[in-house]
Amino acid sequence: MKIRTLTRMAILAAAALILSYLDSLIPLVPSVPGIKLGLSNLVLLYAVFYMTPFETVLLMLLKVGLSSLLFGNATGALYAFAGGVLSVSGMLFLHRIPKISPIPVSAAGGILHIVGQSLVGCVLISFRPMIAYAPWLLISGTATGILLGVAARAAFYGIERYERRKAA
Amino acid sequence: MTETTGTCRKRNWLLLGAAILFAALLAVLCLLLRPKPGAPDRFVIRYGSGEALEIPARETRTVVIRDGKIVDEATGEGDENVIRIENGTAWMETANCPHHECMKQGVLSADTVGSRPLGTWIVCAPHRVYVEYAGDGQ
């Protein structure tokens, strides 16, 4: 791996960790556990669009591992891993569609993240409470996914404009 | 670098619509499959690797679960949850899980079941402990 890529990965992993921490400070719906803004997924969305699939998966694993180590526990890591694998796979797949915007990619990522977490919940806890839980998580996952997609679109537009100016 | 500017507007709307529709269908399916309590008369606490403790709703009792086992006293060590059952209501009194989200889920009782997002459940996902307000006919 090139030094430039390694440095970029380290910076993105650090950014994902800071955003994960910020996420834990903003409870959206306190009565429904697990509903978060998912700010750190912005970093993964960036990786999906501007890095290779291998680097994106590696970044997701770094984010899950380090944030669980610092702010969570082993069970939390399992939820995050399942959600991360499904969401990153879905986003990488959708990203292959030509001329796709970050908004539908991010929305699909948010939904698949919830599907992955709910499946782990069915195995670790039980099917019945997860059924009560899942609709709230799906609504929040879709909404935050769209919101992050809109933010990412604005950020990517700025990045691309800068790159074009630099190249000119 | 992938260019995200100049994207196909119609394709993006279609994909976004498909994603929202998928989520909505899943949510409706979950709501349809959601168990409806018959006449709740007991709290069922599930913990550890599938063990369950049934307590009549009218009983008054504090249950301490540490590392998947019921213990006598709360010490705050290990993975600990303290569940209070009192006069037809149950709530998570204390828990040392990362974000204490189970403690924020409020009181579970016959009056609150309809208005709680999680219905008949209090869930502590990190410690794999949950309380169900159960009755016959579920």
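Analyst: Let's go with helix α2 of chain A: nine of its 10 residues are buried, so the rest of the structure largely encloses this helix. Keep in mind that this is a predicted model.

Which residues of α2(A) are buried? They are Asn41(A), Leu42(A), Val43(A), Leu44(A), Leu45(A), Tyr46(A), Ala47(A), Val48(A) and Phe49(A). And what covers them? The cover includes α1, α3, α4 (74-95), α5 (102-124) and α6 of chain A.

Let's take one of those neighbours, α1(A). This helix runs over residues 3-25, so to speak 23 residues in a row. From first C-alpha to last, α1(A) reaches 33 Å, close to the 33 Å expected at 1.5 Å a residue. Now look at how the two helices sit together: α1(A) and α2(A) pack at an angle of about 150°, and their axes are 8 Å apart. Because angles over 145 degrees count as roughly antiparallel, that makes α1(A) roughly antiparallel to α2(A).

Who actually meets whom there? On the α1(A) side you'll find Leu12(A), Ala15(A), Ala16(A) and Leu19(A), and on the α2(A) side Leu42(A), Val43(A), Tyr46(A) and Ala47(A). By class, this contact has eight nonpolar residues, no polar ones and no charged ones. The cover works in the other direction too: in α1(A), Leu12(A), Ala13(A), Ala16(A) and Ser20(A) are buried, and what covers the buried residues of α1(A) includes α2 (41-50) and α3 (53-71) of chain A.

Next, zoom in on a single residue. Leu45(A) has its place in helix α2 of chain A. Why does Leu45(A) count as buried? Because Leu45(A) has 27 C-beta neighbours inside 10 Å, and 20 or more is the cut-off for buried. Leaving out residues up to four places away in sequence, Leu45(A) touches Met91(A), Pro102(A), Val105(A), Ser106(A), Gly109(A), Leu148(A) and Ala152(A). Check out Leu148(A) in that list: Leu45(A) and Leu148(A) are 103 residues apart in sequence, yet their C-alpha atoms are 8.9 Å apart in space.

Of the 138 residues in chain B, 32% are buried.

How do the two chains meet? Here 41 residues of chain B are in contact with 44 residues of chain A. On the chain B side, α1 (9-33) and β8 (121-124) each supply at least two residues, and α1(B) gives the most, with 13 residues. By class, that side of chain B has 23 nonpolar, 10 polar and eight charged residues.

Notes:
Residues are numbered from 1 along each chain as its sequence is written. Chains are lettered from A and ligands numbered from 1 in the order in which they are written. This is a predicted model: local features need pLDDT of at least 70, side-chain atom pairs count only at pLDDT 80 or more; totals for chains, interfaces and linings use all residues. Helices (H or I, at least four residues) and strands (E, at least two) are DSSP runs, numbered from the N terminus. The expected span of a helix is 1.5 Å times one less than its number of residues. A residue is buried if 20 or more other C-beta atoms lie within 10 Å of its own, exposed if 12 or fewer, and partly exposed in between; C-beta atoms are placed from the backbone. Two residues are in contact if their C-beta atoms, placed from the backbone, lie within 7 Å. Ala, Val, Leu, Ile, Met, Phe, Trp, Tyr, Cys and Pro count as nonpolar, Asp, Glu, Lys and Arg as charged, and the others, Gly among them, as polar. Axes are lines fitted to C-alpha atoms, for helices over the stretch in contact, and angles run from 0 to 180 degrees between N-to-C directions. Angles under 35 degrees count as roughly parallel, over 145 as roughly antiparallel, 65 to 115 as roughly perpendicular and the rest as oblique.
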